[in-house]
Amino acid sequence: MLKAIINTLLSICLLAYPVLVYLGLSQGYSQQIMWLLLSLLIIRAALSLRIQVLGGWLLPTSVAGVILVASALVSAQPQRLQWYPVIVNLVMAAAFAYTLVHKPSMIERFARLREPQLSDQGVHYTYRVTQIWSVFFVLNAALAIYTVLLEDMVLWTVYNGLVAYIAMGILGGGEFAYRMWLKSNGQLK
């Protein structure tokens, strides 16, 4: 139970990563924010060795984050912190795409948690949704790269700390609504 609480708190803090980076860098606390982020990512990496997350993305994103933040600390280049959303999106894209080749697809894995006897139609549908999420993560990574290259901290923070999350919510919510509509019309079992 304690591990779950700690993991939830870490996840919330790391969801706020862009805002923390913005506040730290714009207020002159880059060293402090880098040490905080490094600590959070090390804890999450250690916990991810014990907590199995569907898709196996937690450990790679945590380790990559540790390396990135450590390199920002060592080089005294806090701007490197802006690359973390890119890394997260690329790892997620790779994890989802990997399951398109090595089935079951990621979304099928999620679906089978609620519906173990998924129909062939459901398997095909979840495969397509996994493809959509894979493309989404690649596009989101590209936009995250673009915001880094523009060197505008406010734009980077707004996109990576708000717009990207809204886009994920719209995609997830839209897919859920579409799936419910398909089910209610008998087109998906």
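The questions and answers below concern helix packing and aromatic pairs in a predicted model. Local features need pLDDT of at least 70 and side-chain atom pairs count only at pLDDT 80 or more, while totals for chains, interfaces and linings use all residues. Residues are numbered from 1 along each chain as its sequence is written, and side-chain values use heavy atoms, with hydrogens and water left out.

Reader: Are α1 and α3 parallel, antiparallel, perpendicular or oblique to each other?

Author: Helices here are DSSP runs (H or I, at least four residues), numbered from the N terminus. Helix α1 (residues 2-15) and helix α3 (residues 30-48) pack at about 140 degrees, with their axes 10 Å apart; axes are lines fitted to C-alpha atoms over the stretch in contact, and angles run from 0 to 180 degrees between N-to-C directions. Angles under 35 degrees count as roughly parallel, over 145 as roughly antiparallel, 65 to 115 as roughly perpendicular and the rest as oblique. The pair α1 and α3 is therefore oblique.

Reader: Which residues of α3 meet α1?

Author: Contact means heavy atoms within 4.5 Å. From α1, the residues involved are Lys-3, Ile-6, Asn-7, Leu-10, Cys-13 and Leu-14. Their partners in α3 are Leu-40, Leu-41, Ile-43, Arg-44 and Leu-47.

Reader: How are α5 and α7 oriented to each other?

Author: Helix α5 (residues 84-101) and helix α7 (residues 120-149) pack at an angle of about 160 degrees, and their axes are 8 Å apart. The helices α5 and α7 are therefore roughly antiparallel.

Reader: How many charged residues are in the contact of α5 with α7?

Author: On the α5 side the contact includes Phe-96 and Leu-100, and on the α7 side Trp-133 and Phe-137 are among the residues. Ala, Val, Leu, Ile, Met, Phe, Trp, Tyr, Cys and Pro count as nonpolar, Asp, Glu, Lys and Arg as charged, and the others, Gly among them, as polar. The contact of α5 with α7 divides into 15 nonpolar and six polar residues, and the number charged is none.

Reader: What is the geometry of the aromatic pair Trp-133 and Phe-136?

Author: Rings of Phe, Tyr and Trp (its six-membered ring) pair if their centres lie within 6.5 Å; planes under 30 degrees apart count as stacked, over 60 as edge-to-face and the rest as tilted. Trp-133 and Phe-136 are 5.4 Å apart centre to centre, with 75 degrees between the planes. That pair is edge-to-face.

Reader: Is Trp-133 buried or exposed?

Author: Buried means under 20% relative accessible area, exposed over 50%, and partly exposed in between (1.4 Å probe, protein chains only). The relative accessible area of Trp-133 is 12%, so Trp-133 is buried.

Conventions. Helix = DSSP H or I, 4+ residues; strand = E, 2+ residues; numbered from the N terminus.
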